[in-house]
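Trainee: I want to check the labels on this model. Can we take them in turn?

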Amino acid sequence: MHDAISFETAGIPAATIVLEVFKELALAKRRQMGRPDFEPVIVPGYISVLDHAREKAELALPGVIEWLTTGAGKPAGERAQLVGARS
């Protein structure tokens with residue numbers, strides 16, 4: 001979160017992928033850094049082996065693309081959905 005928010009603040013598009021179990025920590029970090037509008041891409045579950053990491057990355061990709069192409073600066077909450085919950 002810290003690096004991505006620093007990049008965004010400097011005008012460089014960035015996205016952060018966060019596992020659901022760390023969502024509250026990520027949201028607290030964005031508030032601490034004064035960027036409540038910065039939405040991480042939340043993926044459900046946890047990672048226990050490398051194959052799970054690949055699966056999570058594939059789930060997160062649409063959210064990352066959306067954030068980088070249309071999301072920067074949108075009001076907080078518009079990207080708070082879980083990636084896996086999208087239709």
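Predicted model: local features only at pLDDT ≥ 70, side-chain atom pairs only at ≥ 80, totals over all residues.

Trainee: What makes the contact of Glu39 and Arg30 a salt bridge?

Mentor: The distance from N to O is 2.9 Å. The cut-off is within 4 Å, for a side-chain nitrogen of Lys or Arg and a carboxyl oxygen of Asp or Glu. The pair Glu39 and Arg30 therefore qualifies. In general, side chains of opposite charge can pair when their charged atoms come close.

Trainee: Is Glu39 buried or exposed, and how do you know?

Mentor: Its relative accessibility is 3%. Buried means under 20%, so Glu39 counts as buried. Arg30 has 10% and therefore counts as buried too.

Trainee: How many salt bridges does the structure hold?

Mentor: Two. Besides the one between Glu39 and Arg30, there is a salt bridge between the side chains of Arg35 and Asp37, at 2.9 Å from N to O.

Trainee: Why is Arg35 called buried?

Mentor: Arg35 has 15% relative accessibility. The limit is under 20%, so the label holds for Arg35.

Trainee: Now Thr16. Where is it found?

Mentor: Thr16 sits in the loop between α1 and β1. With 10% relative accessibility, Thr16 counts as buried. Leaving aside neighbours within four places in sequence, its contacts are Met1, Ala4, Phe38, Pro40 and Val41.

Trainee: Which residues of helix α1 are buried?

Mentor: In α1, residues 2-9, they are Ala4, Ile5 and Glu8.

Trainee: How do you know that the buried residues of α1 line one face?

Mentor: Look down the axis of α1: the buried residues fall within an arc of 95°, so they line one face of the helix. An α-helix has 3.6 residues a turn, so residues three or four places apart point the same way. The face of α1 turned away from the buried side carries exposed residues, Asp3 and Thr9. After α1 comes Gly11, with a positive phi near 90°.

Trainee: Why is Phe22 called partly exposed?

Mentor: Its relative accessible area is 44%. Buried is under 20% and exposed is over 50%. Phe22 falls in between, so it is partly exposed. Phe22 lies in the loop between β1 (17-19) and α2 (23-32).

Trainee: Which residues form a nonpolar patch on the surface?

Mentor: Val21, Phe22 and Leu25, with about 330 Å² of accessible area together. A patch residue needs over 30% relative accessible area. Phe22, at 44%, therefore passes that cut-off.

Technical notes:
Residues numbered from 1 in each chain as written. Heavy atoms only, no water. Patch = residues over 30% accessible without salt bridge, like charges linked within 9 Å, V, L, I, M, F, W, Y side chains within 5 Å. Areas by Shrake-Rupley, 256 points an atom, 1.4 Å probe, with all protein chains shown as cover. Helix = DSSP H or I, 4+ residues; strand = E, 2+ residues; numbered from the N terminus. Buried < 20%, exposed > 50% of the residue type's maximum accessible area, 1.4 Å probe, protein only. Arc of directions from axis to C-beta. Contact = heavy atoms within 4.5 Å.
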